[in-house]
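These are my notebook entries on a single chain. I set out to look up its strand pairing, its aromatic contacts and its salt bridges.

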Amino acid sequence: MKKRRAVILFLFLVFAAWAVAHPVLGQEKKNPENPGPELTRAVMCESIEALEPHNTAVAFSIGTGKISCFTSFEGFKSATHAWHRWYRRDALVTAKRLILKPPSWSTYSSIQLREADKGPWRVEITTADNRILKTLRFSVTD
């Protein structure tokens, strides 16, 4: 049983690493009639230091205590907002509304980890009109 879990976790981590390395995965094409902000960077990390993500990863230990989703946007002309929607095992845990100011803006949201938070997670990064820009997948482990 332990060997099977290890194999499943390994395959999940390989897929997650592949997904992070391919920025097109989880993105939709821009609508020329409503261009909105362009997502230029999106990563999961352990912390934000000096306004930059620190210790980016696709698997986080529960002992980390807190994890963050860091995003950067550009290409918009007026203030708007974006959403970070945090899902654990396909259940919405929280939705964070983040203000964006032109011409470019970086922002992040975080969650505190609890023992019950182990397992697969994703954060959907969406525009104000709910267009999905990217989905980041990661795991919380022992």
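**Entry 1: Salt bridges**

I began with R114, which forms a salt bridge with D117, the closest N and O atoms being 3.0 Å apart. I note that the model is predicted. R114 counts as exposed at 51% relative accessibility, whereas D117 is buried, with a relative accessible area of 2%. I then found R88 linked with R114 and D117 in a network of salt bridges. In total, I recorded seven salt bridges in the structure.

Next I looked up R122 and D90, whose side chains meet in a salt bridge at 2.6 Å, N to O. R122 lies in strand β8 and D90 in the loop between β5 and β6, so this pair ties together parts that are 32 residues apart in sequence. I classed R122 as buried because its relative accessible area is 13%, under the 20% limit. D90, at 62%, counts as exposed. I also noted that R122 lies over the face of Y87, at 4.0 Å from the ring centre.

D142 is exposed at 65% relative accessibility, while K118 is partly exposed at 23%.

**Entry 2: Aromatic rings**

I recorded four aromatic pairs. One of them, W86 with F138, is edge-to-face, with 6.1 Å centre to centre and 80 degrees between the planes. W86 lies in strand β5 and F138 in strand β9, so the pair ties together parts that are 52 residues apart in sequence. W86 is buried at 0% relative accessibility, and F138 is buried with a relative accessible area of 0%.

F138 also pairs with W121; this pair is stacked, at 6.1 Å centre to centre and 15 degrees between the planes. W121 belongs to strand β8 and F138 to strand β9, 17 residues apart. W121 is buried as well. I noted that ring pairs link F60, W86, W121 and F138 into a cluster.

**Entry 3: The sheet**

I traced an open sheet of four strands in the order β2-β1-β4-β7, with antiparallel pairing. Its edge strands are β2 (52–56) and β7 (104–112), each of which pairs on one side only. I recorded an average twist of 35 degrees from one strand to the next. Nine bridges join β4 (residues 66–74) to β7. Within β7, W105 is the bridge partner of F73.

Methods. Residues numbered from 1 in each chain as written. Predicted model: local features only at pLDDT ≥ 70, side-chain atom pairs only at ≥ 80, totals over all residues. Heavy atoms only, no water. Pairing = 2+ DSSP bridges. Helix = DSSP H or I, 4+ residues; strand = E, 2+ residues; numbered from the N terminus. Axes fitted to C-alpha atoms, helices over the stretch in contact; angles between N-to-C directions. Phe/Tyr/Trp six-rings, centres within 6.5 Å; stacked < 30°, edge-to-face > 60°. Buried < 20%, exposed > 50% of the residue type's maximum accessible area, 1.4 Å probe, protein only. Lys NZ or Arg CZ within 6 Å of the ring centre and 35° of its normal. Salt bridge = Lys/Arg side-chain N within 4 Å of Asp/Glu carboxyl O.
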